[in-house]
Amino acid sequence: MDIRKLIDDAINERAEPDDTEFLIESDTLNLLRPMMHNAAKAIRRAILDGRSILVRHHADADGICAGVAIEKAVVPLLKEANNNSDAEWHYFKRAPSKAPFYEIEDVVKDLSFALEDVERHGQKLPLLVLLDNGSTEEDMLALMKVKIYDIEVVVIDHHFPGQVVDRTVAVDEYVDVHVNPYLVGGDSQITAGALAVEVANMINPEVTEKIMHLPGIAAVGDHAASDEANKYIELAADRGYTRDEQDKIASCVDFEAFYLRFMNGRGIIDTILGLGNKEKHGKLVNALYNESLKRVQTQLRAALPNLKTQKLPNGIIFNVLDVEKYAHKFTFPAPGKTCGFVHDSIVQKYGEETPIVTLAYGPDFSVIRATDAVNEMFGFNLNEIVWKLAKKIPEAGIDGGGHECAGSLKFVEGLSKKVLESFAKEVVDLGK
Amino acid sequence: MDIRKLIDDAINERAEPDDTEFLIESDTLNLLRPMMHNAAKAIRRAILDGRSILVRHHADADGICAGVAIEKAVVPLLKEANNNSDAEWHYFKRAPSKAPFYEIEDVVKDLSFALEDVERHGQKLPLLVLLDNGSTEEDMLALMKVKIYDIEVVVIDHHFPGQVVDRTVAVDEYVDVHVNPYLVGGDSQITAGALAVEVANMINPEVTEKIMHLPGIAAVGDHAASDEANKYIELAADRGYTRDEQDKIASCVDFEAFYLRFMNGRGIIDTILGLGNKEKHGKLVNALYNESLKRVQTQLRAALPNLKTQKLPNGIIFNVLDVEKYAHKFTFPAPGKTCGFVHDSIVQKYGEETPIVTLAYGPDFSVIRATDAVNEMFGFNLNEIVWKLAKKIPEAGIDGGGHECAGSLKFVEGLSKKVLESFAKEVVDLGK
Amino acid sequence: MDIRKLIDDAINERAEPDDTEFLIESDTLNLLRPMMHNAAKAIRRAILDGRSILVRHHADADGICAGVAIEKAVVPLLKEANNNSDAEWHYFKRAPSKAPFYEIEDVVKDLSFALEDVERHGQKLPLLVLLDNGSTEEDMLALMKVKIYDIEVVVIDHHFPGQVVDRTVAVDEYVDVHVNPYLVGGDSQITAGALAVEVANMINPEVTEKIMHLPGIAAVGDHAASDEANKYIELAADRGYTRDEQDKIASCVDFEAFYLRFMNGRGIIDTILGLGNKEKHGKLVNALYNESLKRVQTQLRAALPNLKTQKLPNGIIFNVLDVEKYAHKFTFPAPGKTCGFVHDSIVQKYGEETPIVTLAYGPDFSVIRATDAVNEMFGFNLNEIVWKLAKKIPEAGIDGGGHECAGSLKFVEGLSKKVLESFAKEVVDLGK
């Protein structure tokens, strides 16, 4: 009789989640159900196994909603499983990642601490859960390192993971359970926050009631506008948060995340997300929203008068800003967000159907935003332009990309002129 | 019978401090007595309540003297109240703030840890004590956040708090006890270090003997020169620290604070301030003072040959330095102090009665020092000039200010030329 | 009967290490034996004394090999002495120092924590062991501070310690035991890693078997090429690590150290150095080596096309690179390493016997590499040039130096043109 196997089987059985209904109707979610089931099961099994759970998530509204959803589902189960109110602090960690991928700086910390916990406290290696991060090629080196140590990895993400063949992508070599709408023909419109709340609902349906408004906030924060996104936004509205309030909350989370840096700020984030005292929630969201607005306006007051706008022969409104010179540095909003706010102010003027491209550059980087119209009318795809320029100017060490209409471009300072002019030429030549 | 109320009343009674005599005679102190009494009582009550005390202070000689004074008064009472030699580490924290105000970066950390202590260790929320910080408009956002969580706040500061109406200022909306000489018609010449030592004397008179020389060091460190400041300096001289030694100690604290960054460095600071082993004190102060002097001289050797000095038609000696180009970066002394040392070297040449203005600028900031003569002869007030320029050049995102004759000016890099020329014009036009 | 003395004597006797044979034959090592014996004894005595051991080492392959060697020797003795498997975590700390010397930033942290441990936990002050750091004038301020608190200091280093008189150097005023080949007429070709492994062998010969390949890795990492270095490299080859593998491992340690920053990364470093699971070792070294190579190639692709190379009249091939403009910033490889790789690519083209000087500069610094041929043919010594320039252009605040053919030059930004031109002139004038 193999007692070890008996125990494993028992744990495996108890780890099996109920297949609860999704919060909204969605074909993509239906197709993702097996992966989500596996994610929920892996997390439940880790709890029963006595492994700790390490959640890493992107440090924006979507990523934080995703991290908090898993946190709220897991913590009560940890207390129950360990019969110990202190267990959550030993067996659960949630940490934001500044980059939109799992960076080497992050994995080095995580591995160092995990290996020390093993050697020092006799703990088991943790289950790693990556949220709103983990699907792309940029995640691969970090994940490879994690897998060398045989750490189990769950990824719940909605970033474009590269070419999908047979519901698998490059990163799957190092990922045990991968939830991403692109794997089943979907796209980034179902946010990581929504996916994580649906998985949380499978892990521990008793907390769902409490976190049902998070996907709405995540959708608004990520500017998602699909049918599914709108259903989640309505769901949050039904729970007492108007679309406007969801937007405010998302702004506050982003603002606070800027200052929290490597801290998860659990208590404060709970208040902002309406998971704690309601009166404090109202006061804090108001205070933070007004302050973040003030800071955005300060940046815009410096940036807008120095924005160079021209209408190109192909009809595109092209805006260029030296964001290092004409915006405050090392402060909120950072260059990427500043570019977004500048772009939005131009979009407000000309309308969303107008093809508009905004380029904000510093000495060795630039941030790009474009309206969907540029993609629809001209087939604009930032990733393709980045690849083209990288090939054309190999000495510039070009790197970057992101979504089709939003992302970044990095290069060595000495070739900035050549890179930026080449980028501008690409925009001018669109439609030719 | 309301037992809760009985206990509260008992604690309240025991928290009542003796109204000990002040260390020096001063009308301003006499007027501040009720506020100081309340500050001492709030701190004593927190100890008896079992709340922890979180002291945040400006990271310069004055702020550190203030923080250490409260620390020395509180720690023995904590040990006594908890009958536990380890209590001080759980119930008392002292942390420097790099900025001269309570920054969002600081409050985010403090709240995160405080809320975790509540949830994880069942601790009560702390009493927050801000020293040499906390009185100005720049502190308001952080304080607002703290108050949303109902944390009690004591401020002991001597920075200009804005317009005083009926002994109240803007920040008082979020502050429970506010000690600031400006509230009773005084000014910044009574340092935070002096105020904190006087409050420490109310909290725990048994330690006063030990910390009586700190207000002298704080006064010398802050260049305070009023009658009260001089009385404190004499008091320290009576305790065996000549004015020259107080100056050396203040320099050493500033030098060490630069490297301590977010640490309080308790053991080292105690040695520097003469609160520990006397022989080590002598050796350490000598070693640090010589090293800091060497580093100042290195900066001056690079800066002085590149300082542009001219006598303006209005008689003002105007000095301009590109401190980013002609001084080492990211090292001691930082730009603000470097500007101070450069200014002092010019003052030494022409005398304190000469109107002298020194402007040290970098790509997106500048630091300004002026002799009191510029204020007396021309009504020079840095804060007014900052407001005027901010209005005149709104696209420059101007921010800053400070004291009348010392402070900073921040702006976006792209408008530096316009901002600096406008500032120079203000100086040229003084007396017109 | 003096019981204290009896105990001290007993500890002293038990601390006495066996004088084991060196791993290789070397006259320099034989001359260094008494110092190494004292180092081993001091470390063994600290263990028996109940003092903790704080190891600080340079954060490169050599320094890390040195730190790990001492760690592996000490940890089992700590467990034994304290009869407690947790003891190692309380009584042993290993931390990398980014600078090639013991910086004020480091000592401030170390002293703060040590003094808190004394006050809070009743611990004794630690024994400080500096590895691949500690011998030079730049270490003196930090060491002076440590000695004021009567902390015992052991230095094992191979950097040039300045003028040697009677086997003593400047830093010895503050160092209790100093092991450095220069003290006995040797040079930097015996690495700190080798010295530390030999000392580890004296401390605890039972672990020698396990760490015998580290000196080879340290030698390859430090480009050491003496007879002794080669013997260590052969020794590692005998243990199953070809020279090529040693080189790969050293590269991986450097790459990982860049991201570990202030962490020691014990678990990961053990895997890389082959001290843990062999299969994971192979996988991790491969993954990291390939990634580091990729990043080096990215830097070179940006740097090489922008490198200006000319043959001077004196026959020297002189290469100049604006490393701030033509290389990615804040990423691996950093400017110093980038300069090294650029230099190596030129050396590969012209051969090691060619006199080649490479200068990579940024706004306020430059990094210099030269082939030994420049030293042999022209008496090139970087330290001498730095001193000469510092004297010639005092307003530039020049600082720097290093080895004869590799090091750095720092200056204030505003005088960069003058400094760099003067440096170039020195190179042009070599041989005149």
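1. Start with one residue pair: K329(A) makes a salt bridge to D364(B), with the closest N and O atoms 3.8 Å apart. The term here means a side-chain nitrogen of Lys or Arg within 4 Å of a carboxyl oxygen of Asp or Glu. Across the interface of chain A and chain B, the rule turns up 5 salt bridges.

2. A word on the ground rules. This is a predicted model, where local features need pLDDT of at least 70 and side-chain atom pairs count only at pLDDT 80 or more, while totals for chains, interfaces and linings use all residues. Residues are numbered from 1 along each chain as its sequence is written, chains are lettered from A and ligands numbered from 1 in the order in which they are written, and side-chain values use heavy atoms, leaving out hydrogens and water.

3. Back to chains A and B: 30 residues of chain A are in contact with 27 residues of chain B (contact being heavy atoms within 4.5 Å). About 2500 Å² is buried between them, with 66% of that from carbon and sulfur atoms; buried area is the accessible area (1.4 Å probe) that two parts lose on being put together, summed over both. W89(A), Y259(A) and K280(A) supply 23% of what chain A buries against chain B, more than any other three residues.

4. Which helix of chain A gives the most to the side that touches chain B? That is α13(A), with 9 residues. Helices are DSSP runs (H or I, at least four residues), numbered from the N terminus.

5. Now the chain C side. Here 27 residues of chain A are in contact with 30 residues of chain C, and the buried area is about 2500 Å², 66% of it from carbon and sulfur atoms. R120(A), I148(A) and Y149(A) supply 23% of the area that chain A buries against chain C, more than any other three residues.

6. The rule finds 5 salt bridges between chain A and chain C. One of them joins E119(A) to R266(C), the closest N and O atoms being 3.1 Å apart. Helices α5 (104-121) and α6 (140-148) of chain A each supply at least two residues of the side touching chain C, and α5(A) gives the most, with 11 residues. That side divides into 14 nonpolar, 3 polar and 10 charged residues, where Ala, Val, Leu, Ile, Met, Phe, Trp, Tyr, Cys and Pro count as nonpolar, Asp, Glu, Lys and Arg as charged, and the others, Gly among them, as polar.
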